Amino acid sequence: MSLRLENLTVSYQRHPAVHHVQGEFAAGEATAIFGPNGAGKSTLLKTMMGLIQPDAGRVVLDGLTRRDIAYLPQQSEIDRSLPVEVLDLVTTGQWFRSSWFRRVDRQGRDAAWQALETVGLADFAHRPVSALSIGQFQRVLFARILAQDARVILLDEPFNAVDARTTHDLFDLLQRWRGEGRTVIAVLHDESQVRRHFPRTLLLAREVVAWGETDRVLTEDNMRRAVDTAAHWQDRAPVCHVNGETA
């Protein structure tokens with residue numbers, strides 16, 4: 001039961017955003033995807049979720065299906081203006097279990113209520129999501145993941161612009177997921193958070209710079225190489241041929 005990347009390449013207008021990425025995420029462990037701005041971190045996460053199709057290579061779900069994976073995008077990608085109540089949003093985490101065209105049953109609604117209680121927002125169940133603060137909304141999105149009960153959790157910048165108390169509480173939830181044997185993969189930009197909470201790290205700069213135990217990955221040499229690779233990528237990126245064409 002694992003998530004594996006095999007020679008994965010993703011391009012935008014023939015420019016590789018993620019280039020020949022190969023490796024396996026440790027099952028039941030927390031792995032950070034870390035690297036400079038423009039390193040392809042979010043692109044990699046979206047490709048793993050199936051939202052972007054790779055130009056070459058593949059994402060291998062060994063013993064998993066898409067229903068086993070929960071995905072939290074960046075808040076900036078979510079439209080909060082829709083007239084949706086908090087409880088209804090959390091309940092959508094059950095859709096994979098109940099199917100898109102069938103109402104969520106009582107057990108699913110109970111799971112959504114329990115998730116809101118876990119993140120401390122049960123009293124906000126019938127408020128519109130547009131009325132929430134950034135921290136409250138992020139708690140709701142984590143509650144949605146709780147309701148989905150997924151075995152693999154993909155998080156894209158989950159603590160960005162979130163207040164300190166919410167960040168602390170959500171990290172507690174992350175530790176709970178680890179204790180339950182779930183696989184957590186998160187794109188992060190804060191090195192201290194990576195070192196404190198993620199035993200494993202993929203250091204990415206369009207290509208893999210290092211992947212493994214965090215202390216062995218986040219060395220000065222590796223960090224310097226990642227910054228240099230990302231900064232000069234267009235000048236140094238090797239030509240990649242995909243299906244007979246340049247990608």
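**Sheets and helices in a predicted model**

Q: What is the strand order of the open sheet of six strands?
A: The pairing in this sheet is mixed. Strand 5 (69-72) and strand 9 (207-213) are its edge strands, each pairing on one side only. Neighbouring strands are turned by 15° against each other on average, direction ignored. Read across the sheet, the order is 5-6-7-3-8-9.

Q: At about what angle to strand 5 does helix 5 run?
A: Helix 5 is made of residues 134-148. This helix lies across strand 5 and strand 6. Its direction makes an angle with strand 5 of about 175°.

Q: Which strands does helix 9 touch as it packs on the sheet?
A: Helix 9 spans residues 220-231. Its direction makes about 30° with that of strand 8. The strands it touches are strand 3 (30-34), strand 8 (200-205) and strand 9.

Q: Are helix 5 and helix 6 roughly parallel or roughly antiparallel to each other?
A: Helix 6 takes in residues 164-179, and its axis is 10 Å from that of helix 5. The two helices pack at an angle of about 10°. Angles under 35 degrees count as roughly parallel. Helix 5 and helix 6 are therefore roughly parallel.

Q: How do the residues of the contact of helix 5 with helix 6 divide into nonpolar, polar and charged?
A: Helix 5 brings Gly-135, Gln-138, Arg-139, Phe-142, Ile-145 and Leu-146 to the contact. From helix 6 come Arg-165, Thr-166, Asp-169, Leu-170, Leu-173, Arg-176 and Trp-177. Sorted by type, they come to six nonpolar, three polar and four charged.

Q: Is Asp-68 buried or exposed?
A: Asp-68 sits in the loop between strand 4 and strand 5. Leaving aside neighbours within four places in sequence, Asp-68 is in contact with Gly-63, Ala-150, Arg-151 and Val-152. Its relative accessible area is 10%, and the cut-off for buried is under 20%. Asp-68 is therefore buried.

Q: Among contacts in the chain between residues at least 6 apart in sequence, what share joins residues at least 24 apart?
A: Zooming out, the chain has ten helices and eleven strands. Of its 247 residues, 51% are buried. The chain exposes about 12200 Å², with carbon and sulfur atoms supplying 47% of that. Among contacts between residues at least 6 apart in sequence, the share joining residues at least 24 apart is 70%.

Note on methods. Residues are numbered from 1 along each chain as its sequence is written. This is a predicted model: local features need pLDDT of at least 70, side-chain atom pairs count only at pLDDT 80 or more; totals for chains, interfaces and linings use all residues. Side-chain values use heavy atoms; hydrogens and water are left out. Two strands pair if DSSP finds at least two bridges between them. Helices (H or I, at least four residues) and strands (E, at least two) are DSSP runs, numbered from the N terminus. Axes are lines fitted to C-alpha atoms, for helices over the stretch in contact, and angles run from 0 to 180 degrees between N-to-C directions. Contact means heavy atoms within 4.5 Å. Buried means under 20% relative accessible area, exposed over 50%, partly exposed in between (1.4 Å probe, protein chains only). Accessible areas come from the Shrake-Rupley method with a 1.4 Å probe; for residues, only the protein chains shown count as cover. Angles under 35 degrees count as roughly parallel, over 145 as roughly antiparallel, 65 to 115 as roughly perpendicular and the rest as oblique. Ala, Val, Leu, Ile, Met, Phe, Trp, Tyr, Cys and Pro count as nonpolar, Asp, Glu, Lys and Arg as charged, and the others, Gly among them, as polar.
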